[in-house]
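Please consider the structure shown here and the notes on its local geometry that accompany the display.

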Amino acid sequence: MPVYSRADIQFERGEGSYLFDLDGKRYLDFASGIAVTALGHCHPVLIAALEAQAHKVWHTSNLFRVPGQEKLAKRLTELTFADTVFFTNSGVEAWECGVKLIRKHFYAKGQPERNRIIVIEGAFHGRTLGAISASKAEKMVKGFGPLLDGFDQVAFGNLNELRAAITPETAAINIEPILGEGGVKPLGVEYMRSLRQIADEYGLLLFFDEIQCGMGRTGKLFAHEWAETPPDVMCVAKAIGGGFPLGACLATEYAASGMVAGTHGSTYGGNPLAMAVGLAALDLIADPALLEHVRVQSAILRQELEALVHHHPAVFAEVRGVGLMLGLRCADGVSNLDVVAALHRHGMLTVGAGENVIRLLPPLIIGSAEIAEAIEKLSHAAIEIGQASRAKV
Ligand SMILES: Cc1ncc(COP(=O)(O)O)c(C=O)c1O
């Protein structure tokens with residue numbers, strides 16, 4: 001179906017931070033398949049894990065114990081606030097699991113009227129009916145009604161509005177610690193801490209969507225760790241599978257108390273192939289040396305981007321984000337999509353986002369030489385776009 005506005009580029013293979021198209025043209029990949037290939041392309045450890053599992057068993061369903069699931073769930077719970085995990089094939093399924101879990105928690109507690117979730121304007125949680133109902137963005141919901149009830153939206157960063165939106169029917173607060181699609185906007189450490197206080201004060205569950213900002217992208221395994229504010233429920237996907245479709249909903253035993261046998265399920269979720277890759281990817285991403293690498297490289301990248309904005313004020317207005325989840329807001333009169341297209345010509349991949357931002361989501365293994373190359377390509381694109389806009393005037 002023609003639902004995507006695709007760039008006319010076809011990739012044949014990838015290697016580390018680079019992709020090669022059918023004509024052999026090389027692209028520096030600062031898109032990572034929208035924050036998925038966090039370990040770069042064709043990482044030998046991930047290939048080995050997938051190959052080894054492919055020779056054993058591909059699929060058995062969740063009618064049986066799946067050893068890889070038990071191992072990956074154990075690793076995830078050891079590394080996080082969570083006690084329990086449900087595996088999915090995508091991000092939005094992990095998010096929906098969180099929503100269902102929250103509703104079931106209060107139902108099981110004898111408070112079925114507490115089924116509403118506060119969400120943030122501009123947030124993105126996926127494309128199922130549930131997730132678009134939470135987003136309420138016109139471009140996503142138009143023509144798809146009736147939508148699902150139960151989501152109350154409040155303005156980004158406005159704690160007064162959030163407090164005012166809490167009613168006896170409120171069950172949870174759901175946020176992306178850093179809005180991705182919404183324009184690479186961090187909610188901030190203080191805001192996150194206040195959320196935890198508010199949730200505790202009103203007996204609400206705190207539900208974080210770390211599908212894009214999690215799994216090492218900010219230089220901590222999960223973005224909320226910067227604020228030291230553990231949630232009660234968290235959905236993860238994208239980088240957790242390094243490119244193999246995998247998502248997970250993590251929760252405390254308390255939050256997941258309603259999720260008993262028969263209440264939820266998936267045929268493929270937690271498939272042995274996905275588990276093998278997920279285990280290998282987690283070992284690499286949770287390595288303190290890799291997280292330190294992300295912090296060091298991201299500081300260099302950010303500094304270079306600030307200088308880029310300084311040198312090209314007619315094209316770039318601002319650097320945003322945390323760690324290697326960075327955004328460049330384009331100046332008024334410059335379209336982010338034109339910048340993305342110009343970068344394609346210069347052999348670099350980025351991702352558009354809301355608020356006229358281009359997202360820079362390099363693999364976490366990015367090196368200094370690749371950062372220098374990215375800045376060079378961005379400068380060339382900025383000069384080209386600057387000249388084109390002056391010609392228009
Ligand atoms: C924050 C966030 N939540 C949810 C999703 C949905 O994930 P998926 O496309 O795997 O369903 C995305 C995808 O971009 C996302 O960025």
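The report below takes up a sheet, some backbone features, a surface patch and the aromatic pairs.

The model is a predicted one. Within the model, four strands make up an open sheet whose order is E13-E14-E17-E16, with antiparallel pairing. Strand E13, covering 316-322, and strand E16, covering 351-353, are the edge strands, since each of them pairs on one side only. From one strand to the next, the twist averages 30°.

Strand E14 (residues 325-330) and strand E17 (residues 357-360) run antiparallel and are joined by four bridges. Where these strands meet, Gly327 has Arg359 of E17 as its bridge partner.

## Backbone features in loops

Between Gly145 and Pro146 the peptide bond is cis, with an omega of about -5°. Pro146 belongs to the loop that lies between helix H6 (138-141) and strand E6 (151-154).

Positive phi values also deserve attention. Cys42, although not a glycine, has a positive phi of about 55°, and Cys42 is placed in the loop between helix H1 (32-35) and helix H2 (44-54). Glu355, likewise a residue other than glycine, has a positive phi near 60°. The loop that holds Glu355 lies between E16 and E17, two strands that belong to the open sheet described above. The relative accessible area of Glu355 is 40%, so the residue is partly exposed, given that this class lies between the limits of 20% and 50%.

## A nonpolar surface patch

Met1, Val3 and Tyr4 form a nonpolar patch on the surface, and together these residues have about 460 Å² of accessible area. Tyr4 is located in the segment before strand E1 (11-15). Because its relative accessibility is 58%, Tyr4 counts as exposed, the cut-off for that class being over 50%.

## Aromatic pairs

Two aromatic pairs are present in the structure. In one of them, the ring centres of Phe11 and Tyr27 are 5.3 Å apart and the ring planes stand at 90°, so the arrangement is edge-to-face. This pair links distant parts of the chain, with Phe11 in strand E1 and Tyr27 in strand E3 (residues 26-29), 16 residues apart.

Are the two partners of this pair buried or exposed, or do they fall in between? Phe11 has a relative accessibility of 35% and therefore counts as partly exposed, whereas Tyr27, with a relative accessibility of 4%, counts as buried, because the buried class is set at under 20%.

Technical notes. Residues numbered from 1 in each chain as written. Predicted model: local features only at pLDDT ≥ 70, side-chain atom pairs only at ≥ 80, totals over all residues. Heavy atoms only, no water. Pairing = 2+ DSSP bridges. Axes fitted to C-alpha atoms, helices over the stretch in contact; angles between N-to-C directions. Buried < 20%, exposed > 50% of the residue type's maximum accessible area, 1.4 Å probe, protein only. Patch = residues over 30% accessible without salt bridge, like charges linked within 9 Å, V, L, I, M, F, W, Y side chains within 5 Å. Areas by Shrake-Rupley, 256 points an atom, 1.4 Å probe, with all protein chains shown as cover. Salt bridge = Lys/Arg side-chain N within 4 Å of Asp/Glu carboxyl O. Phe/Tyr/Trp six-rings, centres within 6.5 Å; stacked < 30°, edge-to-face > 60°.
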